[in-house]
Amino acid sequence: MQTKYIALIAIALIIGIAIGYVPNIIFPKTATTITITSTSPIYTSIIKPTTLIFTTSATLPITIVNTLQLTWPRKIVDALGREITFNEPPKRVVSTIPSITEELFAIGVGDRIVGVDSYSNYPPEVLKLINQSKITVVGGPWTLDVEKIVSLKPDVVFMCRGDTPQETVFRAKIEEARIKTFFLICDAARSQYDIYADLMILGQIFGVESEAEELVNEIQQKIDSIANKLVNVSKPRVLQLAGPPSWGLWSAGGNTFIGWLIDVAGGSNIASGYSGWPQLSYEYILSEDPQIIIITAMGMDPKAIYEDVAKTPLVNTSAWKNGRVYLVTGEANDALSRPGPRIAEALEILAKLIHPEIFGEIQRADIINIATMKFDAVEYNIEIQQQALVEAI
């Protein structure tokens, strides 16, 4: 009996399996279609690709994609990562950094400026408008007069990322008065692309994207024309000092705007291994033996700079021995120190200082070779003072 039951169970299982398969054989399953519905936001913007060619030691294709918004209000992210809303183009603005002032004029919205910091002196129109009381000076970048800014009733105050007092103190005080602040990269720029980013963002804020883009292309063309002449050149060792040696041997590291300029101008920055603005030692400088020294300083007496350098170990460098120690002051110093629309001019200055065999000896009254001019520096200083007196009159 037991064997009989086992046989019946086995037959039942075989029949069951057959029943399960037969329909699939006779009536094969049709393909199952799964429909997924996805929704995408509709953007009121145009993606406009622009191809730029940037050249250092080689030609590199760079593509910048600009998003052009066509409607208001606009939400734009500032350098602090905040989304700021603009219901319309600002009509009254305050600039707290010289490079921002230069950028605003460069894209054609200088007439919206009602206040600037005390160092903003370019373009020359700025000083004229200050003298005509059409623009108010609101203090230095680190000593802003908040009450004066508030009294101007600006739509927005443009500030600089990395400027600690502006980020930690002045921003909060200005916003307490219900005035909008917007931070740009400005002095924290590491290359021309950070400057381009600031210009394009300002273009969006004011609705002048085309003007900003045209300016960016114009700057890039000038940079290319210089860089293309420096392909495969030997790179002399360069030391940049912010101020005379007695100020502490502060230099530009590899990730700074000036560090980038030195590299593109065909030089080898001896402080490139450092980040930010390192304070170097004489031991390190002598071990690197710079062939060119560039001292940036505003309003300094060239003779005083010469005497400052002459009593230091820098006289043992190849730069001093070969007469290649330059003081950069006046407008040349401003162009070199301000990451703004004059970046191509700054690059040209450095290219001429580093490679005169290609670009010719630089001929500017605001650049003095203190290692060779020595006593001529006194005459230069008198000449500059006389020129300043004439302009003041």
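These legends describe close-up views of a predicted model of one protein chain.

**View 1. Confidence along the predicted chain.** The protein chain has an average pLDDT of 83. Scores of at least 70 are reached by 77% of the residues. Residues 8–65 stay under 50. The model still gives residues 8–65 a total of 65 contacts beyond four places in sequence. Residues 388–393 also fall below 50. Where pLDDT is low, predicted coordinates should not be read in detail.

**View 2. The disulfide between Cys-160 and Cys-186.** The whole structure was searched, and one disulfide was found. Its partners are Cys-160 and Cys-186, with an S to S distance of 2.0 Å. Cys-160 lies in strand E10, which covers residues 156–160. Cys-186 sits in the loop between strand E11 (180–184) and helix H6 (192–206). The pair therefore ties together parts that are 26 residues apart in sequence.

**View 3. Helix H7 against helix H13.** H7 spans residues 209–227, and H13 spans residues 343–354. Their axes come within 9 Å and cross at roughly 10°. Angles under 35 degrees count as roughly parallel, so H7 and H13 are roughly parallel to each other. The crossing is left-handed. H7 contributes Ile-219, Lys-222, Ile-223 and Ile-226 to the contact. From H13 come Ile-343, Ala-344, Leu-347, Glu-348 and Ala-351. By class, the contact of H7 with H13 holds seven nonpolar residues and two charged residues, with no polar ones.

**View 4. Helix H8 against helix H13.** H8 covers residues 257–264. H8 and H13 pack with their axes 9 Å apart, at an angle of about 55°. That angle makes H8 oblique to H13. H8 passes H13 in a right-handed crossing. On the H8 side, the contact residues are Phe-257, Trp-260, Leu-261, Ile-262 and Val-264. They meet Ile-343, Ala-346, Leu-347, Leu-350 and Ile-354 of H13. By class, the contact of H8 with H13 has ten nonpolar residues, no polar residues and no charged residues.

**View 5. Helix H13 with both partners.** H13 crosses H7 at roughly 10° and packs with H8 at about 55°.

Notes
Residues numbered from 1 in each chain as written. Predicted model: local features only at pLDDT ≥ 70, side-chain atom pairs only at ≥ 80, totals over all residues. Heavy atoms only, no water. pLDDT = per-residue confidence, 0-100. Contact = heavy atoms within 4.5 Å. Axes fitted to C-alpha atoms, helices over the stretch in contact; angles between N-to-C directions. Helix = DSSP H or I, 4+ residues; strand = E, 2+ residues; numbered from the N terminus. Parallel < 35°, antiparallel > 145°, perpendicular 65-115°, else oblique. Left-handed = near helix turned anticlockwise from the far one by under 90°. Nonpolar A, V, L, I, M, F, W, Y, C, P; charged D, E, K, R; others polar. Disulfide = S-S within 2.5 Å.
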